[in-house]
Amino acid sequence: MLETTRRWLAAHPNWALTFVTLAVLAPFLAKPFNIDDPLFIWGARQIYLHPGNPYGFDVNWAQTVFPMWNATENPPLACYYLALSAGFFGWSEIGLHTAFLLPALAVVLGTRRLARHFCTRPSLAALATLFTPVFMVSGMTVMCDMLMLAFWVWAVIFWVEGMERDDFGFLALSGLLIALAALTKYYGVSLLPLLLAYGLFRLRRPGRWMIYLLIPLAALYAYQVATIALYGHNLRLRAVQFTSFFAGFEKQNAGHSPTTTGFVALAFTGGCVAVAAFFAPLLWRRRTLVVGGGAMILLAAFAVFGDMLGLDSDDSDGTSRLLVNLQITFWAAGGLGVLALAVTDVVQRRDAGAWLLVLWVLGTFSFTALCNWTVNGRSILPMAPAVGILIAR
C-alpha cells in the first residue's frame, strides 16, 4: 500500500505538492487575524457593500481616525478577493484563511512549473519555497503579499514560456498578470524591469514582445485616474512618497546608518529564507564553508564589539544582548549566502535564466534594504521562489 502510494505521488507531483501544502498550512486556519489583517478585512467589508468605492470610509488606525485611502498604502485588489471569498466562506478566520490557501498553493505549484525551465529538480524547488519560514508565516495572513506573489510567479511563467514558444498569447497573459500583481501590491510593478531584462538577455534585441509590457502600465494609469476621481489623490504616487519619506525618517530617527540597515536586511534575508542555510553543506564546497565561517566570526566580532546594532549589553528582562547579536550575525551570514548563491549562479551560467534569478533576488533585497520604509519579512517574501529554484539548480 505504501509503495503504491509512493509511486502514485511520484507520478503526480502536483497532487503531491498540493497535499503537502495543505498539510503544512491547514493546521493554522483558525489563527487569529493579526498585523495588518484588519485593514484588508475592513476594506473587503466596504467593497462587499460598495464595490465601486473601496476606500470610501474612515478607519481608526495608529490611534487616529483617517480616511481609509490615507491609512492604507496598498491597492485594493486583495480586498476585492477577500470580499469575493467572504461570499463563499464567510468572514471568520477559518473561512478567510481557507480562501488564502489558494494563492499559497498557486505559488508552490507555479514555482515547480517555472523551475522546470531552469533545473532538473523542480519539485525540490517548490518544496524549498514552501518550507521557507517567511512563506509559511505569510501563507496564513489575509494581507496582499501572498496573492501578489501568486500573480508574480505565474506572470514570470507565462513570460518565460511565451519567449520560448514565441507565443504572444502567453506574453499578453503575462502582461495581464503583471497588472494584477501591481494592483494587489505596488511592488508588483517591479516585474516590468525584471521581465524586460530577461527578454533582452534572452533575445539580445528589442522586439514586438515589449508591447505587452504596456498592459500593466495602462492598468496602473486607469487606476490612477480612478483614485483621483474618487479621492482627489493619486494613491499610487502617495504610496511612493510615503515609502521614500518614512524610509529616510525612520532610519534617521533611529540613528541607523546604511551599514546597520544593510546588516539588518541581511539578517532578515537569512532568517526569512533559512532553508538556504539548511542546504548550505550541499550547495557549497568545504573550502567555501570554512572561509564563510571565518567571515562570520569576523562579522560577529564587528557587530558585537563595534555595537553595530546599537543594542545594550543586557536588556531589562535579563536577556543577553551578546547572544542576540550572535544570532543576528548568524542569520546575516545566511543572508550573505543567499546573495552569493544568486551571484555565483549567474557567474557560472551566464544565461537568461541566471540573470532572471539574480535580478529577482538582488532586486528584492535592494528594495528591502534601501527603498522600503522598514525592513520586514513581507518585503523578503517575493524572493522565496527564486531562492528555491537556485537551491534546486
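Modeller: Start with burial: a residue is buried under 20% relative accessible area, exposed over 50%, and partly exposed in between (1.4 Å probe, protein chains only). In this structure, Tyr186 is buried at 13% relative accessibility. This is a predicted model, in which local features need pLDDT of at least 70 and side-chain atom pairs pLDDT 80 or more, while totals for chains, interfaces and linings use all residues. Residues are numbered from 1 along each chain as its sequence is written, and side-chain values use heavy atoms, without hydrogens and water.

Biologist: How many aromatic pairs are there?

Modeller: Rings of Phe, Tyr and Trp (its six-membered ring) pair if their centres lie within 6.5 Å; planes under 30 degrees apart are stacked, over 60 edge-to-face, and the rest tilted. By this rule there are 16 aromatic pairs. Among them, Trp152 and Tyr187 are stacked, because their ring centres are 5.5 Å apart and their planes stand at 5 degrees.

Biologist: Where do Trp152 and Tyr187 lie?

Modeller: Helices (H or I, at least four residues) and strands (E, at least two) are DSSP runs numbered from the N terminus. Trp152 belongs to helix α10 (residues 145–165) and Tyr187 to the loop between α11 (168–184) and α12 (191–203), so the pair ties together parts 35 residues apart in sequence. Trp152 is buried, at 1% relative accessibility, and Tyr187 is buried as well, with a relative accessible area of 11%.

Biologist: What kind of pair do Tyr186 and Tyr223 form?

Modeller: Tyr186 and Tyr223 form a tilted pair, 6.4 Å from centre to centre with 50 degrees between the planes. Tyr186 is in the loop between α11 and α12 and Tyr223 in helix α13 (residues 214–231), so the pair links distant parts of the chain, 37 residues apart. Tyr223 counts as buried because its relative accessibility is 11%.

Biologist: Which residues form an aromatic cluster with Trp152?

Modeller: Trp152 forms one aromatic cluster with Tyr187, Trp360 and Phe367.

Biologist: How many salt bridges does the whole structure hold?

Modeller: A salt bridge places a side-chain nitrogen of Lys or Arg within 4 Å of a carboxyl oxygen of Asp or Glu. The search finds eight. In one of them, the side chains of Asp36 and Arg378 meet at 3.3 Å, N to O. Asp36 lies in the loop between α2 and α3 (37–49), and Arg378 lies 342 residues away in helix α21 (residues 377–380). Asp36 is partly exposed at 23% relative accessibility, whereas Arg378 is buried at 19%.

Biologist: Which network includes Arg378?

Modeller: Arg378 also forms a salt bridge with Asp145 (2.9 Å, N to O). This pair joins helix α21 to helix α10, where Asp145 lies, 233 residues apart. Asp145 is buried, with a relative accessible area of 2%. Asp36, Asp145, Lys185 and Arg378 are linked in a network of salt bridges.

Biologist: Where do Arg165 and Glu161 lie?

Modeller: Both lie in helix α10, four residues apart, about one turn of the helix. Arg165 and Glu161 form a salt bridge whose closest N and O atoms are 3.7 Å apart. Arg165 is exposed at 51%, whereas Glu161 is buried at 3%.
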